[in-house]
Amino acid sequence: MKQSSVRARSPRRIAATALVGLTAVTLLAGCGFEARQQGAAVVNGQVIHEDEVEETAQQLRDAKFDFPENIVVTALVAAPLLEDAISESKSWEPDATYASAIAAMPGATETTKEFVSAVALIQSGLMTDQDVQRYRDNLAKADITINPRYGELLRSEQGPVFFTIGQKQPNWIVTPSE
């Protein structure tokens with residue numbers, strides 16, 4: 001009679017293995033689920049949380065700066081890429097426009113400050129041609145994911161941010177079926 005080279009596994013060992021596997025899958029899936037559920041966007045692995053977008057939009061509204069949330073997301077996506085682009089030239093530092101906007105928002109969060117910084121930089125017109133090229137290179141290489149709630153990232157040749165966030169075709173436009 002031949003002996004089997006496979007040892008019988010005990011039900012206890014099978015249950016423990018299944019539990020460990022299920023726990024690992026749940027934890028890994030949970031991390032991704034949380035980022036997807038709470039993330040307005042992810043830029044090169046950095047999550048821009050929806051509550052940060054909502055809080056920034058509210059702080060801006062309270063200061064009488066009316067920006068819709070998709071514009072807040074747009075500026076927050078561009079902010080780290082812009083900051084990196086000007087880091088070599090130092091062509092722009094927070095200026096009077098930035099200071100005035102922040103002064104209108106006592107208790108501005110870091111996310112709100114990032115938004116104001118990005119908008120003030122863009123509006124300043126002080127980026128050099130090299131800064132703009134570095135920014136466009138950063139944008140081309142960036143791994144950007146947008147929460148479908150805000151639409152999708154639509155690349156553009158139009159500055160100053162060279163992309164928009166929204167729908168390619170508004171949902172109220174119906175194309176005729178062929």
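A charge sits over a ring if NZ of Lys or CZ of Arg is within 6 Å of the ring centre and within 35 degrees of the ring normal. I'm keeping that in mind while I go through the rings of this predicted model.

**Entry: aromatic pairs.** I looked for aromatic pairs and found two. I started with Phe67 and Phe115, whose ring centres are 5.0 Å apart. Their planes make an angle of 70 degrees, and I noted the pair as edge-to-face.

**Entry: where that pair sits.** I traced Phe67 to the loop between helix 2 (50-62) and helix 3 (69-86), and Phe115 to helix 5 (residues 110-124).

**Entry: buried or exposed?** I checked both partners. Phe115 is buried, at a relative accessible area of 1%. Phe67 comes out partly exposed, at 25%, because buried means under 20% and exposed over 50%.

**Entry: the other pair.** Next I turned to Tyr135 and Phe162. Their ring centres lie 6.4 Å apart and the planes are at 40 degrees, so I wrote this pair down as tilted. Tyr135 belongs to helix 6 (residues 129-141), while Phe162 is in the loop between strand 4 (152-155) and strand 5 (163-166). The pair therefore ties together parts 27 residues apart in sequence.

**Entry: a charge over a ring.** Which residue has its charged end over the ring of Phe162? I found Arg136 there, with its charged end 4.0 Å from the ring centre. So my notes on Phe162 now hold a tilted pairing with Tyr135 and the charge of Arg136 over its ring.

Methods:
Residues are numbered from 1 along each chain as its sequence is written. This is a predicted model: local features need pLDDT of at least 70, side-chain atom pairs count only at pLDDT 80 or more; totals for chains, interfaces and linings use all residues. Side-chain values use heavy atoms; hydrogens and water are left out. Rings of Phe, Tyr and Trp (its six-membered ring) pair if their centres lie within 6.5 Å; planes under 30 degrees apart count as stacked, over 60 as edge-to-face and the rest as tilted. Helices (H or I, at least four residues) and strands (E, at least two) are DSSP runs, numbered from the N terminus. Buried means under 20% relative accessible area, exposed over 50%, partly exposed in between (1.4 Å probe, protein chains only).
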